[in-house]
Each structure stands twice: as structure tokens, then as C-alpha cells.
Amino acid sequence: MKDKLQTAQVIISALPYIQKFRDKIFVVKYGGSAQLDENLKSDFIKDIALLQLVGCKVIVVHGGGKKINSYLDKLNIKSEFVDGLRVTDKEAMEVVEMVLSGNINKELTALLNKNGARAIGVSGKDANLLKAKMLNNGKYGFVGEIEYVNTAVLNGLLQNGLIPVMAPIATDDEANSYNINADLCASKIASALKAERVIFLTDTQGILDNDKKLISKLNESQINELKNTGVISGGMIPKVDAALECVKSGVKNAHILDGRLSHSLLLELFTDDGIGTMIRQ
């Protein structure tokens, strides 16, 4: 009986958050270990299905770097990274689009639907959801910078009870395809929609201080100080910059979470303490 009462208490403790977040928009960037480990993937799918069930409006933006690497290797297509971005020529872009839009996107969509959610798989090319131009005048090949997000279509999908599962591929007026960094894609979508939250699943606990302890909350001035002292460095900088851009553009809060932890989404959103780093104004 004691265990049952504890279970009931956990459910009741989530009630204020469920009420608070009903009809709010959440943009979730899905990648890293949470995308590769089958158990973590299953937990993530269930978390998203539950968020929709309790009334949240969810958009999932996924990456797929490791699977792209695998297919490029199989096809003997060389690929390199510059400034943390994959240099993507025409040949590589075909593989990127095939893996993201045709493989990963449809698998996630099918798994969500199997678990009781109502999901639709799309890329930024569908209904001109994402319009882009070449980043840095083509320095990285067909890597794009988002110029426009079609919020009318995304809001229409959400209002009709669907979870858009977004492959980060964009297009331009000439129907060219562009590879978009998934973190930046999620950031641009959340900013355009003025989402309640944007959540980045990573392979770290969040942002750690010099003693490797989790920093639970940060604002812009604190972030700048941590950058100057080297606490925030390397691959965490673009994630933090994307999160900060969101909150400066009207998103209420941005979260950087450890996707290696089962049900990290629920633990962050529906508990008092959370488990990651929250960035706010």
C-alpha cells in the first residue's frame, strides 16, 4: 500500500505543471544518445506521447549525424566538419536528406503513432515550412541559415492535434535543399512560434561549473561570465547561444537536458527541481 500511495503522490505532484502547460507549445530537439539507444528512444517516445495526452502542443526537431556518417562511409562519400558544421556538397546533401527525411523522420513518426500520439513527419521543404539561404556565402556548401518559418502551417498542425516531427532540411526559392543544424533549427522554430519552452537533449548533464556541479538556472549575464572564464566552451557554446537566442526572442525558458537519462523530459518539466539547466531572461 505504501508504494501505491507514493505513486499517487508523484502523480498528484505533477498536476500543477500539467495545468500550467496545457495548450502551451514545446519545441524539443532530439538527438545524441537518446536517439541511438533503443531503450532511451522508447522512453523519449512515451514522454512525447504523454505530453500530448495531457494537452501540450509539441514539435520534435531531430538530428541524425551518426547515421548520416554511416551512410556516407558506405557510399565512400567524403565529409568533413568545419567550425562544428558538416561541409555538405551536392552529393552529400542527397544522402543527408535521404537519411533525415526518409529514414529517421519516418521511423520516429511511426513510433509516436504506435504509442498513441498523433504525429506527422515533415521536413522544412513541405509547405515551405523553412526557407533558407546558404550559410556564410557557401563556405560550408549546402548548409543553410533559416530566414523564414511558416508559423501558419505549424500552428495549423498543432491546432489539429498533430505533433510535427521535423527533419531539419530547408529550401529556397529555387527548390534547393539545405542541411540545417538541428539545434539552430529548433531555436528558430521556437522563436518564431514564441513557444513556452524549447528543450535541447544532449549527452551532458547540462551546464556544469568548475567543480563539475550542475548549474540549474542561468541568465545572459551569467552565461557571458561563464564563457569568459572558459566554463562554457567547445560544443556547448552553440547550444547555449541557441537557447539564449530563444529566450531573447520571446520563448519563456530554454532547457539543456541530459538525454542519456530515462524520461528526462518529464523529470525536467513536471518536478519542482528539474534535472538540467534552465536558461531564462
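Mentor: Bear in mind that this is a predicted model. Its largest pocket holds about 1,400 Å³ of space.

Trainee: What makes a residue part of the lining of a pocket?

Mentor: A lining residue has an atom within 4 Å of a pocket point. For the largest pocket, 50 residues pass that test. Lys29, Gly84, Asn181, Ala182 and Asp183 lie nearest its centre.

Trainee: Which helix gives the most to the lining of the largest pocket?

Mentor: Helix 9, residues 236-248, with 6 residues. By class, the lining of the largest pocket divides into 20 nonpolar, 15 polar and 15 charged residues.

Trainee: How many residues line the second largest pocket, and into which classes do they divide?

Mentor: The second largest pocket, with about 310 Å³ of space, is lined by 14 residues. They divide into 11 nonpolar, 3 polar and no charged. Val10, Ile11, Ala14, Leu50 and Phe270 lie nearest the centre. Helix 1 (2-21) and helix 10 (264-269) each supply at least two lining residues, and the largest share, 7 residues, comes from helix 1.

Trainee: Now Glu196, in the loop between helix 7 (182-193) and strand 11 (197-202). Why is Glu196 called buried?

Mentor: Buried means under 20% relative accessible area. Glu196 has 11%, so Glu196 is buried.

Trainee: Which residues beyond its neighbours in sequence is Glu196 in contact with?

Mentor: Leaving aside neighbours within four places, Glu196 is in contact with Phe21, Lys24, Ile25, Phe26, Val251, Lys252 and Asn253. Contact here means heavy atoms within 4.5 Å.

Methods:
Residues numbered from 1 in each chain as written. Predicted model: local features only at pLDDT ≥ 70, side-chain atom pairs only at ≥ 80, totals over all residues. Heavy atoms only, no water. Helix = DSSP H or I, 4+ residues; strand = E, 2+ residues; numbered from the N terminus. Buried < 20%, exposed > 50% of the residue type's maximum accessible area, 1.4 Å probe, protein only. 1 Å grid on protein atoms, 1.4 Å probe; cavity = no way out; pocket = protein on both sides within 12 Å on 5 of 7 lines; lining within 4 Å. Points joined across faces, edges and corners; volume = space filled by probe spheres on them. Nonpolar A, V, L, I, M, F, W, Y, C, P; charged D, E, K, R; others polar.
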